[in-house]
Amino acid sequence: IYEVSKKGFRPENTAAAAQLYRCIVRAYAGGRRTPPKAALELVSSALPPISESERSLLIRRFVFSGVESYFELDQVAALATKAENWSLPFSEIQNSLLENDNLYDEGTMSMEDLEAMHVRRGLSSRLANGPLPVISSDSRQKSDSVPDDDRAQTIRNEMEIAKKFSAILDDLCLSDAENCEGWYRAAQCLTMKADIIADRLGYSLGFGRIKNFSVPSQRTLGTESFPIQELEELQEREESISKHNRINCLGNELAVYVHHAWSSYSSLRGCESKIKQGLADDKGQPISLASVAVWKEIESKYRSNDFLGWQESWGGIFVFALRKLSLRFMCVALYILQSKPNKKTQDTVLMSEICEAIGVSIYTELMASQNYGWPMEKMTQLRKRKLATVAKVCFESAIKKVENSSERDDDSEERATWDLLFMIGKCDEKIAGTYMQESYSFPTEHGSSGIRLYEKHMGAALKAYSDALAQAKSIEDVGRQLADQAGGSAHGSTEVLYRLHASRLKCLINAVSRHGEDLEGAELEALRLTEKHWFTDVDSDKSDSERTVRDRVWNVFADIVGGLAHCRQVHPFFHRSVYRHAQALMWAPVFYDPISSSGSMETVPATRSFRIRGLNNSTPAAVSAQVVMSSLFDKKRAQLCAVWVTTNVASSPFQLLNTAIRKYDSLRGKYIAAYLEGLKLCNRRSEIETFMKWMYSSKRDLPSYFQASAMSAGVRPAKAQAHDPLLITDNDRILMSQGLLLSSKRKANSFLADVLIHEMSGKTVHPSIGASLDSKKTAESYLKHAYACYLRLHCEAADLKKLRAFRYGTESVPEVEAVCQAYLNMGDTKALANADFGDWSGCSRKFLIFNAALEKCKALYPTLSGTFFSKKGSTKPRKDRTDDDEPGGANKRRRSPDSPMGESCEKETTKASFEVAVPKGLKAGDTFLT
């Protein structure tokens with residue numbers, strides 16, 4: 001049958017298809033094996049279209065309706081808690097879902113239709129059973145040279161998910177609409193497809209986002225604070241503006257987003273046509289003029305060959321629609337379970353799982369503050385708070401249902417809820433983050449004005465983490481080992497321990513970041529939060545009133561570092577604690593002295609530093625932090641840093657949250673950005689160049705690959721990733737925030753230019769320059785390296801004028817600054833003698849200097865490319881040879897190790913003599929191996 005299906009043959013009529021189906025069922029009647037899916041799909045292809053009953057059509061219209069008001073956040077919260085009117089959204093299909101008899105009137109059907117219906121039911125039931133599709137993404141298929149690239153693999157994945165979803169939904173509509181597990185599995189299919197697309201879209205804010213990793217040398221006054229009422233009004237206005245800009249352009253029928261593949265250009269064009277046809281056929285639904293304008297704008301992008309913008313626009317709409325559908329299907333499953341009059345223990349357990357899945361689905365929307373739909377944009381603070389609040393309600397409801405099932409079934413062992421408590425803590429922490437700008441309360445004539453909402457929710461988060469940690473440890477103590485992912489993001493109780501102390505560190509950093517009169521109140525607030533949860537036993541000889549605030553802060557800081565270091569001791573591959581440990585060391589000078597003027601480049605006295613693991617009192621704190629952070633970059637890896645993702649066979653929704661590809665890329669981007677920032681602070685030019693070589697030899701990440709593929713009209717990228725423009729593409733799109741590899745290369749190249757500027761200022765000299773070189777050769781060497789930094793941008797000088805940073809001087813472009821400074825340091829500025837600098841703005845004076853510098857560079861280094869880096873000097877002594885000894889005669893010049901192929905230069909060598917002691921057992925003149 002498989003060979004027949006591959007050749008495209010199928011049964012000639014319904015009767016033949018029915019006979020083939022009965023043959024397949026008899027052949028696999030033993031039950032030890034399941035019928036092959038290809039054979040069942042072959043039979044299904046020969047059947048006539050499904051003859052929908054009124055109830056079946058009603059169910060499909062309900063779940064695929066494009067009505068925007070279906071299942072808002074408040075309705076989801078009411079459903080999870082069975083609040084008043086919790087069943088109101090299901091009033092239209094209540095009878096269709098809960099009364100499962102006579103879905104079809106078989107008395108009015110012909111024999112052929114009746115036979116086809118019975119075969120269709122059997123096929124749908126068999127195809128709906130079994131595991132969900134496995135998402136395959138072979139890393140070898142992501143290179144630019146293989147024909148079967150990731151786009152082709154993604155198209156197949158989307159098609160397999162659509163087939164599985166259709167089979168499950170057909171089974172629900174044809175046979176068993178009350179099957180809550182079927183509704184839940186259908187929701188999982190939709191979530192899988194949404195995640196596939198989201199992983200390839202990337203984030204609007206990029207992957208290399210780090211906040212407060214190091215302390216800037218010139219600290220600003222910080223963010224503005226407001227009274228709580230004024231802050232909430234500001235956030236409501238911000239959300240109102242965002243809602244006005246967001247347009248619901250999903251159409252009236254959401255099924256098109258399931259059955260069409262976003263990765264395929266032809267399928268995406270078919271989706272466009274289907275939506276337009278649906279609008280033309282459905283005269284009863286009102287059409288928004290704004291949505292029509294959006295579809296025309298998206299269509300114009302395709303017609304103008306802006307395939308990247310066209311693909312990303314549809315990607316945001318697809319993810320928004322699929323998540324909306326997934327949430328709707330999970331709500332239907334929960335409604336069916338909660339409507340049962342007599343619930344069994346397994347029903348209550350399944351209700352808890354679905355509540356958890358709904359909570360995770362809503363919490364996933366908070367990742368990277370990304371709003372999908374049209375347009376894709378950064379999420380507002382009020383939207384974050386609403387999502388986190390509803391997610392917390394779902395997790396709390398899941399815990400209550402678990403407790404109820406345990407009370408009802410006395411013989412069953414108590415079910416663990418530590419992971420749900422952990423997620424509740426994460427939700428509270430997200431809520432607390434939306435109140436960061438609330439002003440601090442100060443004592444008044446009528447007493448204290450109360451605690452901030454930030455302290456209230458952050459305290460609740462730390463309490464939830466503490467409870468989850470206690471429960472997780474108790475499970476491990478009795479031998480019920482928790483799920484562990486080596487190198488991943490689910491390490492059982494250690495994961496909770498890390499989160500507890502990482503959140504304590506955030507509290508301290510937020511406090512010492514304040515200035516002026518806010519500082520004292522912020523530190524006291526942080527101490528109230530952090531001193532309730534210790535990693536080690538505290539010294540109780542002195543009360544808090546007898547200690548100074550600085551002593552108490554340092555005690556908490558030392559305790560946090562001890563907890564973070566313990567995570568790495570228990571699990572050597574626990575990468576998250578490495579980042580937080582390095583961040584803690586970066587902030588050590590400020591914890592010691594909040595008015596520190598040099599930031600992370602300050603040192604901490606030995607009287608304090610001896611208590612902090614990894615902190616060296618003889619060097620700046622940034623150096624100690626860099627030593628810790630470099631453990632994730634100790635050698636070259638395909639994924640660039642020591643981060644892995646391993647998935648268990650049966651992952652819970654909580655574990656799946658951390659195994660998403662975009663979460664993995666976010667972690668890598670954060671660690672890479674932190675590592676590069678540390679190298680920049682320590683002026684480690686060689687390490688930056690080495691890491692850039694690793695990046696330029698790496699494969700594209702998924703967002704970068706799909707963006708490069710889109711710019712090539714949906715085929716394999718024409719150029720390797722080493723030639724990607726770091727600032728401006730051919731269609732004037734800035735790609736700095738799109739894709740992990742691209743943003744990391746941009747950041748590394750920018751930091752390398754900053755280090756060159758620092759060296760040219762005379763503060764340090766790189767070993768590759770050499771102390772014996774004269775000033776002219778030193779200046780030429782710096783100009784050469786600065787020019788290579790500019791070449792790696794892969795843009796023209798005229799393109800830089802399009803950047804606001806270059807045009808208005810809002811911020812500098814380090815590569816341009818490095819080239820200009822290296823050129824001016826050479827002293828050969830004849831080209832600027834008669835130049836008209838105009839208004840001396842960044843677009844005139846600097847541009848003239850930069851153009852003159854480029855002309856000089858092109859004359860000196862005509863064959864130089866962006867692949868030029870400094871090379872490490874050889875440790876072996878070079879043979880002393882004259883030019884006459886070189887092959888080719890006396891006029892042959894030796895090529896310097898630092899010079900690229902095709903370019904040669906003379907290099908001066910020096911001799912150095914030294915004496916060594918005679919090893920034991922040898923005498924002077926003997927030879928030996930070292």
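This note walks through the predicted model above, point by point.

1. **Ground rules.** Residues are numbered from 1 along each chain as its sequence is written, and the model is a predicted one in which local features need pLDDT of at least 70 and side-chain atom pairs count only at pLDDT 80 or more, while totals for chains, interfaces and linings use all residues. Side-chain values use heavy atoms, with hydrogens and water left out.

2. **How confident is the predictor?** The score to look at is pLDDT, the predictor's confidence in each residue, from 0 to 100. The protein chain averages 82, and 78% of the residues score at least 70.

3. **Where to read with care.** Residues 729–737 stay under 50 in pLDDT, and the model gives them 25 contacts beyond four places in sequence. Residues 873–908 are also below 50, with 43 contacts beyond near neighbours in sequence. A contact here means heavy atoms within 4.5 Å. Where pLDDT is low, the predicted coordinates should not be read in detail.

4. **The chain as a whole.** The secondary structure comes to 34 helices and two strands; these are DSSP runs numbered from the N terminus, with helices (H or I) of at least four residues and strands (E) of at least two. Of the 930 residues, 51% count as buried. For this word and its relatives, buried means under 20% relative accessible area, exposed over 50%, and partly exposed in between (1.4 Å probe, protein chains only). Among contacts with a separation of 6 or more, 76% join residues 24 or more positions apart.

5. **A stacked pair of rings.** The structure holds 31 aromatic pairs. Rings of Phe, Tyr and Trp (its six-membered ring) pair if their centres lie within 6.5 Å; planes under 30 degrees apart count as stacked, over 60 as edge-to-face and the rest as tilted. Phenylalanine 90 and tyrosine 335 are stacked because their ring centres are 4.1 Å apart and their planes meet at 10°. Phenylalanine 90 sits in the loop between α5 (73–81) and α6 (94–98), while tyrosine 335 is in helix α14 (residues 307–338), so the pair links distant parts of the chain, 245 residues apart. Both residues are buried. Phe90 and Tyr335 also belong to one aromatic cluster with Phe62, Phe71 and Trp86.

6. Tyrosine 579 and tyrosine 671 make a tilted pair, at 5.9 Å centre to centre and 40° between the planes. Tyrosine 579 belongs to helix α22 (residues 575–586) and tyrosine 671 to helix α27 (residues 661–681), 92 residues apart. Both tyrosine 579 and tyrosine 671 are buried. The charged end of lysine 670 sits over the ring of tyrosine 579, 4.8 Å from its centre. Elsewhere, the charged end of arginine 504 sits over the ring of tryptophan 534, 5.5 Å from its centre. To count, NZ of Lys or CZ of Arg must be within 6 Å of the ring centre and within 35 degrees of the ring normal.

7. **Two buried loop residues.** Phenylalanine 64 lies in the loop between α4 (54–63) and α5, and is buried at 3% relative accessibility. Its C-alpha atom is separated by 4.9 Å from that of leucine 254, although the two residues are 190 apart along the chain. Histidine 260 is in the loop between α11 (256–259) and α12 (265–281), and is buried with a relative accessible area of 16%. The side chain of histidine 260 reaches the backbone oxygen of valine 256 at 3.0 Å. Beyond four places in sequence, histidine 260 has contacts including Glu158, Lys193 and Phe318.

8. **Backbone details to look up.** Which residues does a cis peptide bond join? The bond joins tryptophan 374 and proline 375, with omega about -10°. Proline 375 is in the loop between β1 (370–371) and β2 (377–378). In the loop between α5 and α6, lysine 82 has a positive phi of about 55° although it is not a glycine. Asparagine 85, found in the loop between α5 and α6, has a positive phi of about 60°, and is not a glycine either. Lysine 82 is partly exposed at 41% relative accessibility, whereas asparagine 85 is exposed at 53%.

Terms used: Polar contact = N/O pair within 3.5 Å; in protein donor to acceptor, adjacent residues only side chain to side chain.
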